[in-house]
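Let's take a friendly walk through the aromatic rings and backbone angles of this structure. Have the model open beside you as you read.

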Amino acid sequence: MARRLTVTALLALIGAAALVLSAFQPWYQGRDPRSVPVAELFTGLTDKSGAATATSMLLPLAAAGALALLALAVRSKAAMALAALVGLATCVLWVVQQIRALAPIAFDWTAIEPGLRNAAGGVLLLLIAVAVLPTRER
């Protein structure tokens, strides 16, 4: 039981760190997530690069990381899954809006940069952590 909890803790910590770190790295063609307002994930990406950090994509990525750590502290599979879902939704919405902004034929999957790969890897690690998270003993 202690070994499973240790593995889960490592997975969750690395996954949460990867999500937050991804906000400080370019995702596609040098575009930094901190310059993309959260609202543009739903309305469409624009060429304007200027968003306050508090309203940028850093917000959902940091929230997912913090929620993952909280879920680990209270051993909640539901909260850990919610953290993974927030991270996944941020990634998927960004990719969809990026494809819409460029036209599907112009999107180059090989141009994806470390930020998006780290975010996707962080989500994957959180999903694995959900699967191996031991339940609390009473």
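## Terms and ground rules

A residue is called buried under 20% relative accessible area, exposed over 50%, and partly exposed in between, with a 1.4 Å probe and protein chains only. By that rule Trp 27, with a relative accessible area of 0%, is buried.

This is a predicted model, where local features need pLDDT of at least 70 and side-chain atom pairs count only at pLDDT 80 or more, while totals for chains, interfaces and linings use all residues. Residues are numbered from 1 along each chain as its sequence is written, and side-chain values use heavy atoms, with hydrogens and water left out.

## The aromatic pairs

A pair of aromatic rings is described by the distance of the centres and the angle of the planes. Here, rings of Phe, Tyr and Trp (its six-membered ring) pair if their centres lie within 6.5 Å; planes under 30 degrees apart count as stacked, over 60 as edge-to-face and the rest as tilted. How many aromatic pairs does a search of the whole structure find? There are 2.

Trp 27 and Trp 94 make an edge-to-face pair, with 5.2 Å from centre to centre and 75 degrees between the planes. This pair links distant parts of the chain, as Trp 27 sits in the loop between α1 (2–22) and α2 (40–43) and Trp 94 in helix α4 (residues 77–102), 67 residues apart. Helices (H or I, at least four residues) and strands (E, at least two) are DSSP runs, numbered from the N terminus. Trp 94 is buried too, at 1% relative accessibility.

Tyr 28 also pairs with Trp 94: the ring centres are 6.4 Å apart and the planes are at 65 degrees, so this pair is edge-to-face. Again distant parts of the chain are linked, from Tyr 28 in the loop between α1 and α2 to Trp 94 in helix α4, 66 residues apart. Tyr 28 is buried, with a relative accessible area of 1%. Together, ring pairs join Trp 27, Tyr 28 and Trp 94 into a cluster.

## Positive phi angles

Now for the backbone. Gln 29 lies in the loop between α1 and α2, and its phi is near 50 degrees, a positive value in a residue other than glycine. Is Gln 29 buried or exposed? At 55% relative accessibility, Gln 29 counts as exposed.

Arg 75 is found in the loop between α3 (58–74) and α4. Its phi is near 55 degrees, a positive value in a residue other than glycine. With a relative accessible area of 26%, Arg 75 is partly exposed.
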